[in-house]
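Here is a friendly note to read beside the model. Please keep the structure open and look up each residue as you come to it.

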Amino acid sequence: MAGNAIKPPRRGPVYRDLRLLLGVIPFAATAVVWFALVHVFGVRPVFLPAIEGIPPTLWDMFANQGVASDVLISCGRVLSGFLAAVIVATPVGALMGYSPRIHQLIAPIVGFIRYIPVPVFIPLCILWFGSGDLEKVIIIFLGAFFQLVLMVQDAAGSVRRDYYEAAIMLGAPRHALVFRVLWPAALPQIFDSYRVCIGWAWTYLVVAEIVGARSGIGFYIIKSQRYLMVPQIFAAMIIIGVLGMSTDLLMGAAHRWLFPWSAGGARS
Amino acid sequence: MTVPGGPHTGLPNQAVRLRHLTKDYDGHNGSLTALDKFSCDIAEGEFAVILGPSGCGKSTVVRIIAGLEQPTSGTVLVNGEPVVHPGKTCSMVFQSYTSFPWLTVIENISFGLGYAMAGDKRAIRERARELARKVGLTDFENAYINQLSGGMKQRVAIASALATDPRILLMDEPFGALDSQTRMAMQELLLQITEASGKTVVLVTHDIDEALLLGDRIYVCTARPGSVLAELDVPFPHPRGVAVRNLKRFAEMKFEIFHLLRDHIYAQMQEGPGGWQRH
């Protein structure tokens, strides 16, 4: 009977071994379906190359085609755009969360620009900044900043009011309310927003590198498409996926290390 | 030892004087009168309890004394000075756990110390450890707040509040969220601390037992809008312990207070939790 009892949904961590297994299943299933599509259903390689050809392709890309430099260039652009967005959005968003007046001043314009699709800025950015690294970084910055600033504002605005009152009663001056209450209280959630934001930075990177680029992993994909190098497209997608996932795991570990007191934190 | 209502230090011996405090809150769809001509005088060194049914505006009284809120009308004097904003005279223990989760126990206790005392980090740390010992948290100095039980969290809050050596300790239902056994232990601890320090305490509660156990003087409040219904002197001498609960006089006074409050509690039940008057 006990086995049939209805329980609320589980919460909390999954056992380590099970976690790994559960995480691997979709990858394995994708590989199986992919293999079957090519070898059982006979999908032509021009649409879907054989899965077993991908590792040699990857090897060839790094050994002979110098893709490593494209990857490095792309990583540099993502990091620069992301960091620029973090540096500007963090103080602006925190002040918006602290002061309703500053929020009222900035939120409408941010809300307006946020809904303009980022690719729309590409022609203007090329016109103003050329088609070099600066333009790519600015595109990533624009894509990340207007989302991030609102997430930081939300984190800063949801700091419990009674923490401020407690600090005031303990004699804290005004600047301490910002630097010793708002900042440490909101930082774990702000850091979570960074983690989400760096994912978007990768998206906007590829958007930026598809138009008017001469280097980078996005450019590599466009080039491969032009010459119908389909295995290379898949390989490049895998590279971006691996880079993104590693970044995410790294940020998750950093979260646990930086905020040991934050029980919730980010879930990976 | 504290004598009920007795002053210990110089003049003026009036620690808190409230005269005709009225507080209206304006909301989207009307206004709420939380306090109506609330008056009381609290002597230096006295343990004053503001007792009343829930939602009678008693929290507003301590928040006004603290300077966290301003009354709509009436005067507030703390040590003879009008209160305009939160000052160094008062410390506050809140019902919601307000110790900072991003700091350890010892860092929480040190938070206000850094602003209150001149001295190097070492001196601050020493003083914080002494306070941690006083509230029985020596073994948890480096624990984070979320690793502690509710009673321990409030012990941190009490130690943090005492750290700045305030003349008046304000407590807004500090044990309201605790289970009844933890609450009794905390009341005993608070008795020890306040009897030793001789500080003026203003404690808000809806718990009649708590009021009688801790207070030198009890201000019984009406249902909303809150005003003082009766002032009672608590005759039990200090040092006190939880044993006063067994006294016949304790039971009698408990009944008297309930009798005083009964109509107000029923009135509150009829009205429900809202009480907003439409404009």
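1. Let us begin with one residue, B:Met117, which sits in the loop between α2 and α3 (121-134) of chain B. Is B:Met117 buried or partly exposed? B:Met117 counts as partly exposed because it has 13 C-beta neighbours inside 10 Å. The scale works like this: a residue is buried if 20 or more other C-beta atoms lie within 10 Å of its own, exposed if 12 or fewer, and partly exposed in between, with C-beta atoms placed from the backbone. Leaving out residues up to four places away in sequence, B:Met117 touches B:Ile124 and B:Arg127. Touching, or being in contact, means that the C-beta atoms of two residues, placed from the backbone, lie within 7 Å. The C-alpha atoms of B:Met117 and B:Thr164 are 7.5 Å apart, although 47 residues separate the two along the chain.

2. A word on the source. This is a predicted model, in which local features need pLDDT of at least 70 and side-chain atom pairs count only at pLDDT 80 or more, while totals for chains, interfaces and linings use all residues. Residues are numbered from 1 along each chain as its sequence is written, and chains are lettered from A and ligands numbered from 1 in the order in which they are written.

3. Now find the sheet in chain B. Its 4 strands are ordered β2-β1-β4-β5, and they form an open sheet with antiparallel pairing. Strands count as paired if DSSP finds at least two bridges between them. At the edges are β2 (30-43) and β5 (81-82) of chain B, each pairing on one side only.

4. You can walk across this sheet pair by pair. β1(B) and β2(B) are antiparallel and share 10 bridges; a hairpin of 2 residues joins them, and B:Tyr25 stands opposite B:Leu32 in β2(B). Next, 5 bridges link β1(B) to β4(B), with B:Thr22 opposite B:Ser73 in β4(B). Finally, β4 (residues 73-78) of chain B has 2 bridges to β5(B), and here B:Leu77 faces B:Pro82.

5. Helix α1 (residues 58-66) of chain B lies across β1 (14-27), β2 and β4 of chain B, at about 65° to β2(B). Axes are lines fitted to C-alpha atoms, for helices over the stretch in contact, and angles run from 0 to 180 degrees between N-to-C directions.

6. Some backbone angles deserve a second look. Most residues other than glycine have a negative phi, and most peptide bonds are trans. B:His20, in strand β1 of chain B, has a positive phi near 50°. B:Glu173 also has a positive phi, near 45°, and belongs to the loop between β7 (168-172) and α5 (180-197) of chain B. The peptide bond from B:His238 to B:Pro239 is cis, with omega near -5°, and B:Pro239 lies in the loop between β10 (228-233) and α7 (248-271) of chain B.

7. Of the 268 residues of chain A, 32% count as buried.

8. Helix α3 (residues 67-98) and helix α8 (residues 174-210) of chain A pack at about 145°, with axes 8 Å apart. Among the residues making this contact are A:Gly81 and A:Phe82 of α3(A) and A:Ala186 and A:Ile190 of α8(A).

9. Where do the chains meet? Here 20 residues of chain B are in contact with 13 residues of chain A. On the chain B side, β6 (90-93) and α2 (105-116) each give two or more residues, and α2(B) supplies the largest share, 4 residues.
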